[in-house]
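I am opening a notebook on this structure. My entries record what I looked up, one topic at a time.

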Amino acid sequence: MLTPVVDEDGAPFWEYAARGELRVQACSACGKLRFPPRPCCPHCHSFDSEWRRMSGRGRIWSYVVPHPPLLPDYAAQAPYNAVVVELAEAPRIRLVGNVVAAPDAPLDSVDPARLRIGAGVKVAFTEIDGVTVPRWLLERG
């Protein structure tokens, strides 16, 4: 499996994820949220930032169901989903991940026919190769 590369700007995101918290970087000067994390606010150019806790709820903004040929580590799990989730309290903030049946479930644990643009999801966290990553659970059965 591919694991995220943790850089200096994004390290707090992964530290909070390891605690089971979904947080997004915000500018301390103008208050605007930004993702991916970066040192300078694209709105007011301040270098001051903080990490705001999000509800962990969102909706599927887009998704794809990859089929082989794929990277070897993923081929055995196909077909699985890759989703773009729009956060409930920050619609311009979108995170990429997978909808799964349970936090530690395999990538192919949700039938792709159950996915819909706009479907409500909530975050769940699981550890993969020493990094805690966000995954998504459908809000309704």
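**Entry 1: the five-stranded sheet**

I started with the open sheet of 5 strands, whose order is β6-β5-β4-β7-β8 and whose pairing is antiparallel. I looked for its edges and found β6 and β8, each of which pairs on one side only. From one strand to the next, the twist averages 40°. I note here that the model is predicted.

Next I went through the pairs in this sheet. β4, residues 57-64, joins β5 through 6 bridges, and the two run antiparallel. There I picked out Ser 62, which stands opposite Val 84 in β5. β4 also joins β7, again antiparallel, through 3 bridges. On that side Gly 58 has Val 121 of β7 as its bridge partner. Arg 57 stands opposite Lys 122, also in β7.

Then I moved on to β7 and β8. They pair in the antiparallel sense over 8 bridges. Phe 125 stands opposite Pro 134 in β8. How many residues lie between β7 and β8 in their hairpin? I found 2 residues there, and Asp 129 in the turn has a positive phi of about 50°.

**Entry 2: the helix across the sheet**

I checked what α1 lies across. I found β6, β7 and β8, with α1 running at about 65° to β8.

**Entry 3: the core**

Which residues have the most contacts inside the largest nonpolar core? I listed Leu 22, Ile 60, Leu 87, Val 99, Val 121, Trp 136 and Leu 138, in a core of 27 residues. I then asked which elements give two or more residues to this core, and noted α1 (11-18), β5 (82-87), β6 (90-97), β7 (120-128) and β8 (131-138). As background, nonpolar side chains in soluble globular proteins tend to be buried together.

I followed Val 99 in detail. Leaving out residues up to four places away in sequence, Val 99 touches Ile 60, Asn 81, Val 83, Leu 107, Val 110, Leu 115, Val 121, Trp 136 and Leu 138.

I turned to Val 96, which lies in strand β6. β6 is an edge strand. Is Val 96 buried or exposed? I noted a relative accessible area of 65%, so Val 96 is exposed, the cut-off being over 50%. Not counting residues up to four places away in sequence, Val 96 touches Val 83 and Val 84. Val 84 is the residue that Ser 62 stands opposite, and Val 83 is also among the contacts of Val 99. I also compared Val 96 with Pro 68: they are 28 residues apart along the chain, and their C-alpha atoms are separated by 20 Å.

**Entry 4: the three-stranded sheet**

I found another open sheet, of 3 strands in the order β2-β1-β3, with antiparallel pairing. Why does one side of β2 (33-34) and of β3 (49-53) lack a neighbour in the sheet? Both stand at the edges with a single partner strand each, so one side of each is left without a neighbour. β1, residues 23-27, joins β2 through 2 bridges, and these strands run antiparallel. In this pair, Gln 25 stands opposite Arg 34 in β2.

**Entry 5: the whole chain**

Last, I stepped back to the chain. I counted off 2 helices and 8 strands. From the N terminus on, the elements run α-β-β-β-β-α-β-β-β-β.

I looked up the extent of the C-alpha trace, which spans about 45 × 30 × 25 Å along its principal axes. The radius of gyration is 16 Å; a compact globule with 141 residues would have one near 14 Å, so the chain agrees with that.

Buried residues make up 42% of the 141 residues. The chain exposes about 7,800 Å², and carbon and sulfur atoms supply 52% of this area.

Note on methods:
Residues numbered from 1 in each chain as written. Predicted model: local features only at pLDDT ≥ 70, side-chain atom pairs only at ≥ 80, totals over all residues. Heavy atoms only, no water. Core = buried A, V, L, I, M, F, W, Y, C linked by side-chain atoms within 4.5 Å. Buried < 20%, exposed > 50% of the residue type's maximum accessible area, 1.4 Å probe, protein only. Helix = DSSP H or I, 4+ residues; strand = E, 2+ residues; numbered from the N terminus. Contact = heavy atoms within 4.5 Å. Pairing = 2+ DSSP bridges. Axes fitted to C-alpha atoms, helices over the stretch in contact; angles between N-to-C directions. Rg over C-alpha atoms; globule rule 2.2 N^0.38 Å. Areas by Shrake-Rupley, 256 points an atom, 1.4 Å probe, with all protein chains shown as cover.
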